[in-house]
Amino acid sequence: MVTEFGKTKDGHSVEKYTLKNANGMEVDLITLGATLQAIRVPDKDGNVRDVLLGYDTVEQYENVNGYLGAVIGRNGNRIANAKLSIDGTEYALEANDNENNLHSGAHGFHAVLWTVTEADDAHVVLTYHSPDGDQGFPGNMDVTVTYTLNDAGELGIAYRATTDKKTVANFTNHAYFNLNGQESGSAEEQELEILASYYTPVVDGKAIPTGEIASVSGTPMDFRQMTKIGARIGDDFDQIKYTGGYDHNYVLDKADGSLQLAARARSTESGIQMDVYTTCVGVQFYAGNFVGGQKGKGGVDYVNRQGFCLETQYFPNSVNEKNFKQPFLSPGEVYESTTKYCFSV
């Protein structure tokens with residue numbers, strides 16, 4: 001089903017598409033930013049809860065820079081000093097996070113209108129042509145994002161891209177989840193498991209990885225067992241203090257390019273569980289430390305940590321860090337990655 005969601009400040013129409021399955025789950029997405037706008041899931045009592053933070057209007061998506069539910073690219077996460085070098089040529093990017101580049105700047109994939117080429121109740125295919133020099137990156141890039149929903153409650157996101165010049169391809173989705181419902185306040189009591197024995201520590205105040213791959217063992221970063229998000233978020237631990245809570249990349253234990261379980265979240269209140277599968281090497285766990293102070297769907301006043309993110313990705317600043325797997329795409333190659341958010345009770 002497709003309806004008009006609203007118009008951009010330039011007068012362009014933004015469409016909303018709704019996916020549905022046989023068990024009462026529905027997913028809304030809009031063409032601005034190829035953005036997930038709502039995920040409605042039946043809880044343990046059969047009551048439907050919208051477990052995704054978001055906005056009611058196009059104006060909010062254009063003016064509030066929270067990336068809620070949007071596709072991020074060409075590069076997700078941070079690039080140090082807003083620059084990178086490809087085969088000896090340096091490219092300058094927008095410095096929109098202190099001196100660093102975050103989520104490709106103000107004109108990233110989250111801020112553009114995507115074109116729908118296929119749609120039904122089970123899937124939507126969106127495309128975007130990113131011209132040479134877009135966001136500061138080289139090469140003409142053609143990108144396809146496919147959303148699918150099946151009767152098992154699996155919401156799939158498949159990314160595909162090609163280029164005519166060596167460039168960066170590191171896409172993710174910036175969904176903020178609250179398994180008690182987007183209006184329900186802090187998500188700190190919800191539980192999380194991340195299948196990662198290592199993470200990438202960051203520099204104080206920069207959120208840029210040091211290049212080290214550090215063990216989570218014996219630290220508050222360890223989510224190898226189900227743990228409440230807020231259980232150790234106030235611990236006297238430098239990495240947590242550096243970022244005001246969790247905002248770190250986890251090095252997934254199983255990252256061979258096949259679809260692997262990366263994380264699991266659940267709420268005892270709603271009974272809703274979400275399993276995250278990905279083909280990516282890392283996942284950024286962001287506890288929504290600074291999501292407060294904005295008005296969400298239904299006029300809800302969001303507070304800090306009202307939603308959490310599990311952003312599948314290459315590691316932050318991997319374009320500049322030789323110690324990390326690097327996200328470069330060359331002509332003749334095809335970038336492909338898949339992430340699934342699987343809901344159950």
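This is a predicted model: local features need pLDDT of at least 70, side-chain atom pairs count only at pLDDT 80 or more; totals for chains, interfaces and linings use all residues.
**Entry 1**

I began with the largest pocket, for which I noted a volume of about 510 Å³. Its lining is made up of 26 residues, and those closest to the centre are R78, L102, D247, Y286 and F290. I then looked up which elements supply the lining of this largest pocket, and those that give two or more residues are α2 (238-243) and β24 (282-286). Sorted by class, the lining of the largest pocket holds nine nonpolar, 12 polar and five charged residues.

By class, the lining of the second largest pocket divides into 10 nonpolar, six polar and two charged residues.

**Entry 2: the nine-stranded sheet and strand β17**

I traced an open sheet of nine strands, with antiparallel pairing, in the order β11-β12-β13-β14-β27-β23-β22-β17-β20. At its edges I found β11 (115-119) and β20, each of which pairs on one side only.

Within this sheet I followed β17 (residues 191-194) in more detail. On one side, β17 is joined to strand β20 (residues 227-228) by two bridges, in the antiparallel sense, and E191 stands opposite K228 of β20. Strand β17 also runs antiparallel to β22 (residues 260-266), to which four bridges join it. In that pairing I noted A265 of β22 as the bridge partner of L192, and R264 of β22 as the bridge partner of E193.

Which residues of β17 lie on each side, and are they buried or exposed? I found E191 and E193 on one side and L192 and I194 on the other, all of them buried, and both faces of the strand are covered. As a reminder to myself, side chains in a regular strand alternate between the two faces of the sheet.

**Entry 3: the five-stranded sheet**

I traced a further open sheet, this one of five strands in the order β19-β18-β21-β24-β25, again with antiparallel pairing. Its edge strands are β19 (214-215) and β25 (309-313), and each of them pairs on one side only. For the pair β24 and β25 I recorded five bridges in the antiparallel sense, with F285 standing opposite L310 of β25. Strand β24 had already come up in Entry 1 as one of the elements that give two or more residues to the lining of the largest pocket.

**Entry 4: the cysteines**

I searched the whole structure for disulfides and found zero. For C309, the nearest cysteine sulfur is that of C280, at 15 Å, and C309 is in no disulfide. I also checked the burial of these residues: C280 is buried, with a relative accessible area of 9%, and C309 is buried as well, at 0% relative accessibility.

**Entry 5: backbone details in loops**

I noted a cis peptide bond from G73 to R74, with omega near 10°; R74 lies in the loop between β6 (71-72) and β7 (78-79).

H103 has a phi of about 55° and belongs to the loop between β10 (101-102) and β11, but H103 counts as buried, at 4% relative accessibility.

**Entry 6: H12 and its surroundings**

Last, I looked up H12, which I placed in the loop between β1 (2-7) and β2 (13-20). H12 is partly exposed, with a relative accessible area of 45%. Leaving aside neighbours within four places in sequence, I found H12 in contact with G6, K7 and L113.

Note on methods: Residues are numbered from 1 along each chain as its sequence is written. Side-chain values use heavy atoms; hydrogens and water are left out. On a 1 Å grid over the protein atoms alone, a cavity is a set of points where a 1.4 Å probe fits but cannot get out, and a pocket is an open set with protein on both sides within 12 Å along at least five of seven lines; lining residues have an atom within 4 Å of a point. Grid points are joined across faces, edges and corners, and a volume is the space filled by probe spheres set on the points. Ala, Val, Leu, Ile, Met, Phe, Trp, Tyr, Cys and Pro count as nonpolar, Asp, Glu, Lys and Arg as charged, and the others, Gly among them, as polar. Buried means under 20% relative accessible area, exposed over 50%, partly exposed in between (1.4 Å probe, protein chains only). Contact means heavy atoms within 4.5 Å. A disulfide is a pair of cysteine sulfur atoms within 2.5 Å. Two strands pair if DSSP finds at least two bridges between them.
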